[in-house]
Amino acid sequence: MNTEMIIIPVIIFASLGLVSGILLAVASKLFAVKTDERIPMITDALPGANCGGCGFSGCGALAESIVKGEAKCNACSVGGDAVAAKIAGIMGTDAEKTVKKRAFIACSADSTIAKKQCDYEGAYDCLAASVTGGEGACRYRCLGYGNCTKACAYGAISVKNGVAVIDSEKCVGCGACIEKCPRKLIRLLPADRSVFTVGCSSRDRGADASKACGISCIGCGICAKVCTSQAISVISNLAVIDPEKCTGCGTCAEKCPRHIIIRV
């Protein structure tokens, strides 16, 4: 076989490869999307937990949003004031104080108190159980299958006696657990002071609520009547305490006939 017949195609293919490489390199330079240098700097300043508590998919996404002006420098509750100050420095703005929060599960009825209506044999998952109603007679009760525990990147939530419990010492108030609860039982409360709150989410009428659970709120309104700071209102048969107005006096807890108002 003539060697020229082999060498010529090799040279042609090699030349085409070289030209293609050069064109790709030129194109990458011409059409490259420039990344704001502040984005990686802010990403490095963030805790890196990617918990999603800020409302974004992760720390990188939050960093991009801060640079674009779509999120505030203090959007990361996990990082607190120290991280907010670093980010503000990068952005060249004044740091805003971070409002620290902690999560609270508004259900106190564990398996020793809550009344059972059936045996659930489906998937060990809160969302799946919520479709059939779960085992409890109360349709507002914590389902206890731990979807919130899986969402918590800080190990602050555990399930004890069929109800989720939050360790306030570990909770950073990121809020990632909130969206994972199909019954919307998790709330964020101030972390800098002690307040009173209602450890129940039942909106059934008093008689029905009593039948389903031995410690449910019955919406009697006694707590609202004795609250001197007007922090309590009864909405849809459930007492609701405004943590911003609560002075922590404890009168409501003393007068509650169901003893479901607790200090946290």
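# Helix packing and salt bridges in a predicted model

Helix α2 (residues 38-45) packs against helix α3 (residues 59-68) at an angle of about 130°, with the two axes 8 Å apart. That angle makes α2 oblique to α3, and the crossing of the two helices is right-handed.

## Packing around α2 and α3

On the α2 side, the contact with α3 is formed by R38, I39, I42 and T43. Their counterparts in α3 are C59, G60, A63, E64, I66 and V67. Sorted by class, this contact has 6 nonpolar, 2 polar and 2 charged residues.

Helix α3 has C59, L62, A63, S65, I66 and V67 as its buried residues. The cover over these buried residues includes α2 and α4. After α3 comes G69, whose phi is positive, near 85°.

Helix α2 also packs against α4; the axes of these two helices come within 9 Å and cross at roughly 170°. An angle over 145° counts as roughly antiparallel, and α2 and α4 are therefore roughly antiparallel to each other. In this contact, R38, M41, I42 and A45 of α2 meet V83, K86, I87, I90 and M91 of α4. By class, the contact has 7 nonpolar residues, no polar residues and 2 charged residues.

## Salt bridges

A search of the whole structure gives 7 salt bridges.

| Pair | Closest N and O atoms |
|---|---|
| D81 and K97 | 3.4 Å |
| K101 and E244 | 3.9 Å |
| E244 and R193 | 3.9 Å |

The salt bridge of D81 with K97 has its closest N and O atoms 3.4 Å apart. D81 lies in helix α4 (residues 80-91) and K97 in the loop between α4 and β1 (101-105), so this pair ties together parts that are 16 residues apart in sequence. D81 is partly exposed, with a relative accessible area of 38%, whereas K97 counts as exposed at 65% relative accessibility.

The salt bridge of K101 with E244 has its closest N and O atoms 3.9 Å apart. Because K101 lies in strand β1 and E244 in the loop between β7 (238-241) and α9 (251-255), the pair ties together parts that are 143 residues apart in sequence. K101 is partly exposed, with a relative accessible area of 23%, while E244 counts as exposed at 54% relative accessibility.

E244 also forms a salt bridge with R193, again with the closest N and O atoms 3.9 Å apart. Here E244 lies in the loop between β7 and α9 and R193 in the loop between β4 (186-190) and β5 (196-198), so the pair ties together parts that are 51 residues apart in sequence. R193 counts as partly exposed at 29% relative accessibility. Through shared partners, salt bridges join K101, R193 and E244 into one network.

## Residues with positive phi in loops

N161 has a positive phi of about 50°, although it is not a glycine. This residue is found in the loop between β2 (157-160) and β3 (163-166). N161 is partly exposed, with a relative accessible area of 48%.

Q230, likewise not a glycine, has a positive phi of about 55°. Its position is in the loop between α8 (222-226) and β6 (232-235). Q230 is exposed, with a relative accessible area of 65%.

How values were computed. Residues are numbered from 1 along each chain as its sequence is written. This is a predicted model: local features need pLDDT of at least 70, side-chain atom pairs count only at pLDDT 80 or more; totals for chains, interfaces and linings use all residues. Side-chain values use heavy atoms; hydrogens and water are left out. Axes are lines fitted to C-alpha atoms, for helices over the stretch in contact, and angles run from 0 to 180 degrees between N-to-C directions. Helices (H or I, at least four residues) and strands (E, at least two) are DSSP runs, numbered from the N terminus. Angles under 35 degrees count as roughly parallel, over 145 as roughly antiparallel, 65 to 115 as roughly perpendicular and the rest as oblique. A crossing is left-handed if the near helix is turned anticlockwise from the far one by less than a right angle, and right-handed if clockwise. Contact means heavy atoms within 4.5 Å. Ala, Val, Leu, Ile, Met, Phe, Trp, Tyr, Cys and Pro count as nonpolar, Asp, Glu, Lys and Arg as charged, and the others, Gly among them, as polar. A salt bridge is a side-chain nitrogen of Lys or Arg within 4 Å of a carboxyl oxygen of Asp or Glu. Buried means under 20% relative accessible area, exposed over 50%, partly exposed in between (1.4 Å probe, protein chains only).
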